[in-house]
Amino acid sequence: MTGKPVQERKQGRGLVIYVIAYLVFLYLPVVLIPLFSFNDSIQAAFPLKGFTVAWYATFVGNQALTGALQTSLLIGLLSASLATLCGITVAYMDIYGRSRLAGTISTIARLPILIPGVIVGISLLILVNLAGLGPSRIAIVLGHILVALPTTVVIMRSRFLAIPRSIAEAAQDLGAGDAIVFRRIMLPLALPAIGSAFMLAFLTSFDEFIVAFFLSGTEPTLPLYIWSQLRFPKSLPTVMALGTSILAVSIVIAGSAELLRQRGLSRSARG
């Protein structure tokens, strides 16, 4: 009898050690980037030479960086807006639609998350060339809509599932049509999820590299600019400072999106 609890404790201890080792392996490189971004040396190595914020000052007046940032912001806002709009429509029709086709479309919309980014990038490059668009901002927007769509569909689908069907049924019994139910009841109830979906779609587009690599023209996005600077050793501290800034913004956006999602779920629970 005593042997079994001892064995279970050993297994639990081994699992804890495994999880800690996995988290260290996964997140230690991420922690090192901010650390070296304040290091007064162009080499990312220990021991640290000293503390400095000079690498962050190099952002000022860097026209190439500014142009890449503006491109990423524009593409991110357009892609997130259109992906969220499509996600709302697809998810709503999947949950409240009266057609099997709606469920099929919802499944297809979530498939790109399972397809390797290289395959998606090559396929989209062939498609935009056939369409006469070629590598351009428009091509990247179309690619990022495809990449961000699964996220928006999953978030909106879970939100619409959390809304009791009795609400829509009661409105229909009072004479409200499908369009009124959607616009005046479902959309207001789903606003937190819509905000969450938009933020995560923007984050997906802003950080995306592979599809943008295949579809970018003469105006690179910010991830492509960072990749191009890695060829120059003297630019490494600036790249780490830029990566730290992006990491901080990404954490804020992702945290805000999760707070909005939780707010929507708590509202449904109270309802």
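The following paragraphs lead through a predicted model, from a helix pair to a cavity and then to selected residues. Residues are numbered from 1 along each chain as its sequence is written, and side-chain values use heavy atoms, with hydrogens and water left out. Because the model is predicted, local features need pLDDT of at least 70 and side-chain atom pairs count only at pLDDT 80 or more, whereas totals for chains, interfaces and linings use all residues.

Helix α3 spans residues 63–96 and helix α11 spans residues 222–229; helices (H or I, at least four residues) and strands (E, at least two) are DSSP runs, numbered from the N terminus. The axes of α3 and α11 come within 7 Å and cross at roughly 145°, where axes are lines fitted to C-alpha atoms, for helices over the stretch in contact, and angles run from 0 to 180 degrees between N-to-C directions. On the α3 side, A64, L65, A68, L69 and S72 are in contact with L222, P223 and Y225 of α11, contact being defined as heavy atoms within 4.5 Å. By class, this contact comprises 7 nonpolar residues, 1 polar residue and no charged residues. In this classification Ala, Val, Leu, Ile, Met, Phe, Trp, Tyr, Cys and Pro count as nonpolar, Asp, Glu, Lys and Arg as charged, and the others, Gly among them, as polar.

T71 also lies in helix α3. T71 is buried because its relative accessible area is 2%; buried means under 20% relative accessible area, exposed over 50%, and partly exposed in between (1.4 Å probe, protein chains only). The side chain of T71 forms a polar contact of 3.2 Å with the side chain of R137. A polar contact is a pair of N or O atoms within 3.5 Å; within protein, one must be able to donate a hydrogen and the other to accept it, and residues adjacent in sequence count only if both atoms are side-chain atoms. Not counting residues up to four places away in sequence, T71 touches R137, E219, P220 and T221.

The structure holds 1 cavity of 30 Å³ or more, and the largest cavity has a volume of about 40 Å³. On a 1 Å grid over the protein atoms alone, a cavity is a set of points where a 1.4 Å probe fits but cannot get out, and lining residues have an atom within 4 Å of a point. Grid points are joined across faces, edges and corners, and a volume is the space filled by probe spheres set on the points. The largest cavity is lined by S72, I75, H144, S205, F206, E208, T221 and P223. Helices α3 and α9 are the elements that give two or more residues to this lining. The lining residues divide into 3 nonpolar, 4 polar and 1 charged.

One of these lining residues, S205, is found in helix α9 (residues 191–207). S205 counts as buried because its relative accessibility is 5%. The side chains of S205 and H144 are joined by a polar contact of 2.7 Å. Leaving aside neighbours within four places in sequence, S205 is in contact with I75, G76, S79 and H144. G50 is 155 residues from S205 in sequence and 35 Å away in space, C-alpha to C-alpha.

V239 counts as buried at 11% relative accessibility, and V239 touches I226, Q229 and L230, not counting residues up to four places away in sequence. F232, in the loop between α11 and α12 (236–270), counts as partly exposed at 42% relative accessibility. The C-alpha atoms of F232 and I167 are separated by 59 Å. V16, in helix α1 (residues 3–37), counts as partly exposed at 47% relative accessibility.

Note on methods: On a 1 Å grid over the protein atoms alone, a cavity is a set of points where a 1.4 Å probe fits but cannot get out, and a pocket is an open set with protein on both sides within 12 Å along at least five of seven lines; lining residues have an atom within 4 Å of a point.
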